[in-house]
Each structure stands twice: as C-alpha cells, then as structure tokens.
Amino acid sequence: MKKVLIFLLAVSIWACTSTQTETTQVASMDQLAERYVKTLLRLGQYDSDVVDAYYGPEEWKPAEAAADSLPAAEFLSEFRAIQEQLQAQDTASLSADEQRRLAMFKKQVLAAITKVEMMQGKKYSFDEEAKLLYDAEPPHYELAHFDSILTEIDRELPGKGSITERWEAYRARFEIPKAKLDTVFKAAIAEARSRTKAHSNLPEREHFKLEFVTDKAWSGYNYYQGKGYSLIQINTDFPIFIERAIDLASHEGYPGHHVFNVLLEQNLVDKKGWKEYSIYPLFSPQSLIAEGSANYGIEVAFPAEERLKFEKEVLFPLAGLNAAEADRYYSILAKIGQLDFAGNEAARRYLNGEISREEAADILVKYNLYQKDRALQRTRFMDKYRSYVINYNLGQQLVREFIEANGGTNDNPEKRWELFRELLSNPYSASMLQK
C-alpha cells in the first residue's frame, strides 16, 4: 500500500511540475504575432479606423460578428498576455534584427492596449496619448513663436486686407480646375513613380487605383490592399491647389504610403515571415513613421529646384495655370510650412479641453491661414484622430533629422535615397530614430 501511495505521489508531483512548465513556457514571436493580428482584427470590428490595412492570411479574419458592446476586458487581457510574453523573451539568443523586431513589437502592443482603454472611455492628455500611441513626445510652442513668420508672409503677399484674406485671394490663382484634376494628378503620380522606381526595387506587380471622393475629414488617403496594390482617394470637398498634386502623389503614392506598405510587405512579411506586419494598426508608432516618411518623401523625390521646374514645365500647363508667379508662390508656401506646429498647439489645447472648437478654428485661421470652413473641417479631423496630428509634422522632422544625421543630406541624394529605403523596409519608431 505504501508503495502505491509513493507512486501516486510521484505521479502527482510530475504532473504538477509538467503543467507548471507548460503554463510558464514562453511563446515565440511568430506565435505571438498571430495572436496579436487576430486580436487586432477583432478589435477592428468595433472601430473601423483601428485597422488601416490587412494583407495576411484570410483565415485569420474574425469568423463571428462583433458583440453588441465592446468586450474591453477581454481585449485588454489578451493584449496584456501578449505583452507579458514579449517581455519574457530571451533577448540574449536574439539577433540584432530580431531584437529590433521585439522592441517595435512591444511598442505596438502598448499602443493597442492604450487604444482599447480609450475606446473604453479612459482619458489621456494630448501628450500622454501621443507618447503611448506613437512613442513620441510632441514639442510645445507658444503661439507668439509664429508671429515673426506671419510678419514675413505679410510682407511678401500682394493686396490689401488681413493675411488670411490676401493669401486666399492670391492662392486662388493656383487652383486646379476640377475638370483637370484627373489629368494633373495622374501626371504627378507618374513622375513620382518614375523617380521612386529609379531608386527603389519595387515589385513588378505594384500598382494603384485613383479615386476622387467627397465628405471626408482628410484631404487624401491610401488604402493599401496587399500584393503591391493601393486604392488612393483624393477629397474634393475644398479647392485643390497646384502644389497638392505633387504633395499628394508623393505622400499617398511614391515614395510615400504606397511604397512604405509595399516594402514592409515585401521585406518583413514575405521575406522574414514577421506576420505582425501583415496588419497596419492606425493608432500605433508605425503611423508616425508612415506619415513622417510620406511627408519627407516629397522632398526626397522632388528636391525644391527640380520640383519647381517640373511643375512649371508640366503641371502648370496641364492645369491651365500661368507659371509666371510660381517662384513667389512657392516661396510663400515654404514660409507657411514653418507654421505647421501651430496646428498641433490648437489640437493640444482643444483636445485637452482648454479651448472650444471655435477657438481652435480661430488659431488655424490666424496661424495656418485656413479659411474658417476649412479650419472647422480640420477640427473634425482632430475629433476623429486626436493626437494623430503630430505624425505629419513631428514625424517629418524626426525622419529628416535621422536621415541627415546619417549622411543623407541635400548634396548627397543617393545616400538620402539609400537611407530612406532602409527606413521604410525595417522596424522603426520615433524613439528609435532618436537613438
């Protein structure tokens, strides 16, 4: 009898130890990637903006419809379990490449947790939200910082009246007629594509479809479909001016969002098998790199003098516009670009509840030279996307500083393209750019 009891006790101890080993076993990053993607896809059923693009296995998509209300505790439990497993990874056995993957994966999961908390009703300040979602610390500016720039613009603008009124009157000379939008944009995209392909190894199958839409909170959007294909939409709610052809062609297409997604799919998903990159969660550190590189990519593909020459010789004639004022127009645009961060200050104060929507719009009118209706549309964007606004200008600044610090300066365009391709093809976040 004693022997039987000893044997049963030994079996019990073995079973207990075996179960404990199984429960504490650390999953691989590939296994965690699958759980992460599937959970994000389910979360996207409760907010259509959560998943910006997905091109992974079809069978990973949710088979069941969404519940009547957000099961936040369920989502948080799963994302936090993934977070713990990532934290438990044996970094000593990882290559430098895998360590970078792990670092970025952790940041993406933290952003997912934060987004669920926000969907649940948790409130973060503008700066807290930017740090948790985008791994970034937005700079602060007093609005008076921008007054000297307004003074320079004031001196350069012709006519009488307020700066905003004179800017709108002057800018009207450069509006693309709606009947010519398709022709002008296709020419701009073709040139941007040609310049990008000369410096990037894009797959033969890559292509896009261009659509003009209305009633959107944004001016342009790229919906990446996978396998090198994008749907690019341009919002025509407001007048579209000649500079927006190159801006949007490059930002949404080449070498911007379209190329960014193509390279991530090609290099990280297809070649390395990192399935977490088969999904693009909009509210994540990936967006700062996506928007920042898309904005910086405009000047990579079209250095200032080359851009102006192409626009004068090709786009202005296609749009039926007179290029005689182009030099002064682009000089003023460059100064207006220096006012960009004023929009972040309007968003910060508005979203933190310090000012009203009208007051936020007034800041945009004064410091970003928006017309009032356009400024109010911009506050719609703030309502919908909140601190996402930092990704455009802060993202562009951080990408530029990173590439220039590593030798990709104006006088070394080949190096700049090389660094730009490397940035688009690998895991990066705001804090990684600053190391």
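**Helices and one leucine: a quick tour**

Okay, let's start with helix α18, residues 413-424. That's twelve residues, and α18 reaches 16 Å from its first C-alpha to its last, close to the 16 Å expected at 1.5 Å a residue. Before I go on, keep in mind that this is a predicted model.

So which residues of α18 are buried? They're Arg416, Trp417, Leu419, Phe420, Leu423 and Leu424. If you look down the axis of α18, those buried residues fall within an arc of 165°, so they line one face of the helix.

Helix α10 covers residues 257-271, and its axis comes within 3 Å of the axis of helix α9, residues 243-253. The two axes cross at roughly 15°. Under 35 degrees counts as roughly parallel, so that's what we call α9 and α10. On the α9 side, the contact is made by His251, Glu252 and Gly253. On the α10 side, you've got His257, His258 and Val259. By class, this contact has one nonpolar, four polar and one charged residues.

Now another helix pair: α14, residues 340-351, and α15, residues 357-367. Are α14 and α15 roughly parallel or roughly antiparallel to each other? Well, they pack at an angle of about 175°, with their axes 9 Å apart. Anything over 145 degrees counts as roughly antiparallel, and therefore that's the arrangement of α14 and α15. From α14, the contact uses Ala342, Gly343, Ala346 and Tyr350. From α15, it uses Arg357, Ala360, Ile363, Leu364 and Tyr367. The class count for α14 with α15 is seven nonpolar, one polar and one charged residues.

Is Leu41 buried or exposed? Its relative accessible area is 10%, and the cut-off for buried is under 20%, so Leu41 is buried.

What does Leu41 touch, leaving out residues up to four places away in sequence? The answer is Val51, Tyr54, Trp60, Lys61, Pro62 and Ile279. And have a look at Pro281 too: Pro281 and Leu41 are 240 residues apart along the chain, with their C-alpha atoms separated by 9.3 Å.

Technical notes: Residues are numbered from 1 along each chain as its sequence is written. This is a predicted model: local features need pLDDT of at least 70, side-chain atom pairs count only at pLDDT 80 or more; totals for chains, interfaces and linings use all residues. Side-chain values use heavy atoms; hydrogens and water are left out. Axes are lines fitted to C-alpha atoms, for helices over the stretch in contact, and angles run from 0 to 180 degrees between N-to-C directions. Helices (H or I, at least four residues) and strands (E, at least two) are DSSP runs, numbered from the N terminus. Angles under 35 degrees count as roughly parallel, over 145 as roughly antiparallel, 65 to 115 as roughly perpendicular and the rest as oblique. Contact means heavy atoms within 4.5 Å. Ala, Val, Leu, Ile, Met, Phe, Trp, Tyr, Cys and Pro count as nonpolar, Asp, Glu, Lys and Arg as charged, and the others, Gly among them, as polar. The expected span of a helix is 1.5 Å times one less than its number of residues. Buried means under 20% relative accessible area, exposed over 50%, partly exposed in between (1.4 Å probe, protein chains only). The arc is that of the directions from the helix axis to the C-beta atoms.
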